[in-house]
Each structure stands twice: as C-alpha cells, then as structure tokens.
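Trainee: I would like to learn how to read a structure like this one. Could we go through it feature by feature?

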Amino acid sequence: TLSGQVVDKVTFDVACGQDGKFEQTTEECKPVACGIPPKLAGSEHVTDAQKVIHFGEVAQYSCPRGSTVDGSPVAPTEFGIPCRHTGDFPVSHLRCRRVNCGLP
C-alpha cells in the first residue's frame, strides 16, 4: 500500500511526459506492517523483539536449552511466524516445550 497500512490506497498515477518517459513522483508502494512480533511463552526472540515486521518477513524464535518445538529430543529448536499481507501474524501453535525423556 502507499502507507504500509492494510487499509490504504494501493494505486497511484504517474504522468507520461512529452519525451515518452514517466515523470518523477514521490509516491511509492510500501510493504504492509504487522508490527512488533508477539511474545510467546517459553520462547525467546531471535528477531529483535522491538523491530516492526513487514509482509514478506518472518519473526524468528528459538527455544531455550532443554526445550524443543514439540518436546521431543530430535525436534527443531527454532521456528518462525510470517507476517501476512493482512497486516497480522497467524495464530501459531508452535511453542517451546521441555524435552520429555519418557519413562526410565
């Protein structure tokens, strides 16, 4: 959009000059902003926690030592949540869980 906000203009006009080239314009499209990445309990931000994330970017998280995405010892310890074109982050079911060793 022109402002980076979801509800804003998505088009603008540029005049064609006598020389067959487009005239200069100050208008430009900006990526939609999702804002600051959400805090997720038990997870740590890899992405700067105060950085505004835009459409096309992904907020990155990591699990603290002794935790993985699903609690199994072989599961990933990092995950990401993308910024959507709608200006928000999808609800993520990914969470860091303490590794479960099972029964002895």
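Mentor: Gladly! Keep in mind that this is a predicted model. Let's begin with the disulfides: the count comes to two.

Trainee: What is a disulfide, in general terms?

Mentor: A disulfide is a covalent bond between the sulfur atoms of two cysteines. In this chain, one of them joins Cys-34 to Cys-83, with an S to S distance of 2.0 Å. Cys-34 belongs to strand E1 (residues 33-35) and Cys-83 to the loop between E6 and strand E7 (97-98), so this pair ties together parts that are 49 residues apart in sequence.

Trainee: Which cysteines form the other disulfide?

Mentor: Cys-63 and Cys-96, whose sulfur atoms are 2.1 Å apart. Here Cys-63 sits in the loop between E4 and E5, and Cys-96 in the loop between E6 and E7, so the bond ties together parts 33 residues apart in sequence.

Trainee: And what pattern do the disulfides of the chain follow?

Mentor: Count the bonded cysteines along the chain, and the pattern reads 1-3, 2-4.

Trainee: Why is the disulfide of Cys-34 and Cys-83 called right-handed?

Mentor: Look at the torsion about the S-S bond. For Cys-34 and Cys-83 that torsion is about 85 degrees, so the disulfide is right-handed. For Cys-63 and Cys-96 the torsion is about -85 degrees, so that disulfide is left-handed.

Trainee: How do I read whether a cysteine is buried or exposed?

Mentor: Cys-34 has 13%, so Cys-34 is buried. Cys-83 is buried too, at 4%. In the other pair, Cys-63 counts as buried at 11%, and Cys-96 counts as buried at 12%.

Trainee: Is Cys-16 buried or exposed?

Mentor: Cys-16 has 55% relative accessibility, so Cys-16 counts as exposed.

Trainee: Let's turn to the strands. How many helices and strands does the chain have?

Mentor: Zero helices and seven strands. Read along the sequence, that gives the pattern β-β-β-β-β-β-β.

Trainee: How many bridges join E4 to E6?

Mentor: Five bridges join strand E4 (residues 58-62) to E6. You can follow individual pairs, including Ala-59, which stands opposite Ile-81 in E6, and Tyr-61, whose bridge partner in E6 is Phe-79. Ser-62 stands opposite Glu-78 in E6.

Trainee: And how many bridges lie between E2 and E4?

Mentor: E2 and E4 pair over two bridges, again in the antiparallel sense. On this side of the sheet, Glu-44 stands opposite Ser-62 in E4.

Trainee: Which residues of E6 are on its covered face?

Mentor: Phe-79 and Ile-81 are on the covered face, while Glu-78, Gly-80 and Pro-82 make up the uncovered one.

Trainee: Can we try reading the surroundings of a single residue?

Mentor: Let's take Thr-68, which is found in strand E5 (residues 67-68). Thr-68 is buried, with a relative accessible area of 3%. Leaving aside residues up to four places away in sequence, the residues that Thr-68 touches include Cys-63 and Cys-96, along with Pro-73, Ala-75 and Val-99. The side chain of Thr-68 also reaches the backbone oxygen of Ser-72 at 2.8 Å.

Trainee: How far apart in space are Thr-68 and Phe-55?

Mentor: Their C-alpha atoms are 27 Å apart, and the two residues are 13 apart in sequence.

Trainee: Finally, how do I read the overall shape?

Mentor: Start with the radius of gyration. The chain has 21 Å, whereas a compact globule of 104 residues would have a value near 13 Å. The C-alpha atoms fill a box of roughly 80 × 25 × 20 Å along the principal axes. Of the 104 residues, 27% count as buried.

Methods:
Residues numbered from 1 in each chain as written. Predicted model: local features only at pLDDT ≥ 70, side-chain atom pairs only at ≥ 80, totals over all residues. Heavy atoms only, no water. Pairing = 2+ DSSP bridges. Helix = DSSP H or I, 4+ residues; strand = E, 2+ residues; numbered from the N terminus. Buried < 20%, exposed > 50% of the residue type's maximum accessible area, 1.4 Å probe, protein only. Contact = heavy atoms within 4.5 Å. Polar contact = N/O pair within 3.5 Å; in protein donor to acceptor, adjacent residues only side chain to side chain. Disulfide = S-S within 2.5 Å. Rg over C-alpha atoms; globule rule 2.2 N^0.38 Å.
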